[in-house]
Amino acid sequence: MRDHLYLFFFMIQFSSGCILSDERQTIRITGYTGGSVVLPCSCAHPQSTVITFTWQFHRSGQQWIKVLEDEKYSGRRVLFNERSPQNLSLLISDLRQEDQGYYRCETKQYTSIHLTVKGCKLAQNTEATNALTGYAGESVVLPCSCSELLAKPEQIQWMYYVEKAYKEIYPNETIERHKNRVKLLNQTSPGNLSLHISALTAKDKGDYVCSVLSQTSVTYRLHVEVTLRTEKPHIQTVTLGTEKPHIHTSISLSTQELEPPQQPHDTPQYVFILLGVILSVLLLALLALIYWRYRGSRNVKKVTRDEEELNREQDNQDDVTYSAVVHVKTAATPAHIESDLAEHTEYAPIKIKR
């Protein structure tokens, strides 16, 4: 009986289809132009089945449109339900300002999502012409950035005023002398649009314009100086952030002869070298003295040892006493004939222990 109840409840849940996790709720999500965003939508139960579902979009004053059928999302939309049937989330890439609005994921219920898309607003002063100074043979950076560095403009263009007209130098290098010398400063930060110009020449001076969607722009007037070898190099610092960057240019020119550098007040290096040599010589002399004394003591010990051995030999010779042994032949010698006792006398040494 219990098994039948379980089967009954399962069939009821199965037949009810997909119950959304965030049913009738509004989720707020923020994206940036040029980036991607995921609009979440999924079934609450992992065993749910989805028969039909749809994504719709509308902006204020407009009607609801079907996202999966609208051409403006072609090539920019991806659904996750192909690998996970219960995951109905929608991925939108290459976001644009026109993608901002309300989205709705609908089955038998619906979930609402409000998407805010932040675009690129230039952080630099767009009203005045900013002056910059570069130097021939060096490089220069013309600052241009979005107040939101994560926001990539839908269109970026750098123009150069020449021959009484503005001509594009980025991304299309229409001027021959700018080819292979201009590039964006940082390709990894979407909101950094600063232009880097290398190998400057006097002909590069003039007005440059950074424009975004041809709506807002910042203008720079570049002056190129031809420097002498005795001139001090300039230092240019560019700071990018959410606030307006500050450009500090320090220029110092001098055609006078440079004064010879003053000697430092510290101890010269040769003094330390001389002290090292003196200490090395003293160390060698000390080692030689120790060796000489050690060798002299060995010679004294050797002479003393030789004298002791010589004295010991003399003492051994003094301790020897000679005794005389006389051989007498009585049988063969007549009585009246005297024998020479010295001829028959032998001496034998006898050692005496002390």
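The side chain of glutamine 124 makes a polar contact with the backbone nitrogen of serine 145 at 3.0 Å (a pair of N or O atoms within 3.5 Å; within protein, one must be able to donate a hydrogen and the other to accept it, and residues adjacent in sequence count only if both atoms are side-chain atoms). Glutamine 124 itself sits in the loop between β8 (110-118) and β9, and it's buried, at 6% relative accessible area (buried is under 20%, exposed over 50%, partly exposed in between, with a 1.4 Å probe and protein chains only).

This is a predicted model, where local features need pLDDT of at least 70, side-chain atom pairs count only at pLDDT 80 or more, and totals for chains, interfaces and linings use all residues. Residues are numbered from 1 along each chain as its sequence is written, and side-chain values use heavy atoms, leaving out hydrogens and water.

Now for β9 and its sheet. Strands here are DSSP runs of E with at least two residues, helices runs of H or I with at least four, numbered from the N terminus; two strands pair if DSSP finds at least two bridges between them. The sheet is open, has 5 strands in the order β9-β16-β15-β11-β12, and mixes its pairing. At its edges, these two strands each pair on one side only:

| Edge strand | Residues |
|---|---|
| β9 | 129-135 |
| β12 | 165-170 |

β9 runs parallel to β16 (residues 216-225), joined by 7 bridges, and threonine 129 faces threonine 219 of β16.

Zooming out, the protein has 2 helices and 20 strands, and 27% of its 354 residues count as buried.
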